[in-house]
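Student: Take me through this model label by label. For each one, I want the value and the cut-off.

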Amino acid sequence: MNTTTANGEINMPPKRLARLAGAMYLLVGIFGGFSEGYVDPKMYVPGSAAATAMNVIANPGLVRMSVVAHLLDGTFFIFVALALYILLRHVHKSTARAMLVLVALATGIICFNAIFQFEGLRVATDTSYTAALGAAGANALVMLLLDIQHYGTLAAQVFFGLWLVPLGYLAYKSSRMFPKWLGVVLIAGGVSYIVDLFAAFICPEIASAIHGYIVIPSAIAEISMVIYLLAVGVRAPKYT
């Protein structure tokens, strides 16, 4: 079955495209959860270069898997945004384009961050760095690289949050393709991402205490979107 038109545009039934977006969004969650939710905290010990370096040395395979997971996370995230752009560009093309740009920025940061994590592994496991810098110097360099990766991931959170706002707007205004409550939840999730980020940079002591609560709206928003895309796809659009 041909899925492209004569001018090269994708011509796939909306429900099928929505479910494809949902499947890829699920993969984003899996790869992102593994790398950012499991491996990164397991390797990175804030304020302790020796502990961070030892974690990396003890788990080189896990770090390599995390680097690949970051790259796959970004790859699937781009395709999710492209699929949703095709579904929702009829609602408001400029807003749909803004959504794509925000996802591209988030993906670029996450994928570039993976280089710092990989270089941290190389420094930790290559004895030439220890010979040149000493054990303490090599550990400090590993810590610096993973510090950059950690705060770079936080910076990417700006765009991980902001992309949910145009997505929520498009879902809300989408001629009943998506329920309006889902659009509202997506916008609230985007706001919670931004609040969590600013707290992490401006008042980290408070951020650590409220993080578990602040991320609840964003988690609900993204999980709801994935479930809706997979279970329902989209309703037939009602054009005006």
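Student: Which residues does Thr 153 touch, not counting those up to four places away in sequence?
Tutor: Thr 153 touches Glu 36, Ile 110 and Asn 113. A contact means heavy atoms within 4.5 Å. This is a predicted model: local features need pLDDT of at least 70, side-chain atom pairs count only at pLDDT 80 or more, and totals for chains, interfaces and linings use all residues. Residues are numbered from 1 along each chain as its sequence is written, and side-chain values use heavy atoms, without hydrogens or water.

Student: Why is Thr 153 called buried?
Tutor: Its relative accessible area is 15%. Buried means under 20%, exposed over 50%, and partly exposed in between (1.4 Å probe, protein chains only). Thr 153 therefore counts as buried.

Student: Which helix holds Thr 153?
Tutor: Thr 153 lies in helix H5. Helices are DSSP runs of H or I with at least four residues, strands are runs of E with at least two, and both are numbered from the N terminus. The chain has 8 helices and 0 strands.

Student: Which residues lie nearest the centre of the largest pocket?
Tutor: Glu 36, Thr 153, Leu 154, Gln 157 and His 211 do, out of 38 lining residues.

Student: What makes a space a pocket, and not a cavity?
Tutor: On a 1 Å grid over the protein atoms alone, a cavity is a set of points where a 1.4 Å probe fits but cannot get out; a pocket is an open set with protein on both sides within 12 Å along at least five of seven lines. Lining residues have an atom within 4 Å of a point.

Student: How much space lies in the largest pocket?
Tutor: About 1,300 Å³. The volume is the space filled by probe spheres set on the points, which are joined across faces, edges and corners.

Student: Which helices supply its lining?
Tutor: H1 (14–43), H3 (60–88), H5 (127–162), H7 (180–202) and H8 (204–231) each give at least two residues. H8 gives the largest share, 11 residues.

Student: How does the lining of the largest pocket divide by residue type?
Tutor: Into 21 nonpolar, 12 polar and 5 charged residues. Ala, Val, Leu, Ile, Met, Phe, Trp, Tyr, Cys and Pro count as nonpolar, Asp, Glu, Lys and Arg as charged, and the others, Gly among them, as polar.

Student: Which residues of helix H6 are buried?
Tutor: In H6 (164–172), Leu 164, Pro 166, Leu 167, Gly 168, Leu 170 and Ala 171 are buried. Their cover includes H1, H3, H4 (93–125), H5, H7 and H8.

Student: What makes Phe 178 and Tyr 228 a tilted pair?
Tutor: Their centres are 5.8 Å apart and their planes make 45 degrees. Phe 178 lies in the loop between H6 and H7 and Tyr 228 in H8, so the pair ties together parts that are 50 residues apart in sequence. Phe 178 is buried at 1% relative accessibility, and Tyr 228 is buried at 10%.

Student: Which residues form one aromatic cluster?
Tutor: Tyr 25, Phe 77, Phe 160 and Trp 163.

Student: How many disulfides does the structure hold?
Tutor: It holds 0. A disulfide needs a pair of cysteine sulfur atoms within 2.5 Å. Cys 111 is partly exposed at 22% relative accessibility, and Cys 203 is partly exposed at 25%.

Student: Why is Ala 49 called partly exposed?
Tutor: Its relative accessibility is 25%, so Ala 49 counts as partly exposed. Ala 49 is in helix H2 (49–58) and touches Asn 139, Ala 140 and Met 143, not counting residues up to four places away in sequence. Its C-alpha atom is 7.1 Å from that of Val 142, 93 residues apart in sequence.

Student: What fraction of the chain counts as buried?
Tutor: Of its 240 residues, 40% do.

Note on methods:
Phe/Tyr/Trp six-rings, centres within 6.5 Å; stacked < 30°, edge-to-face > 60°.
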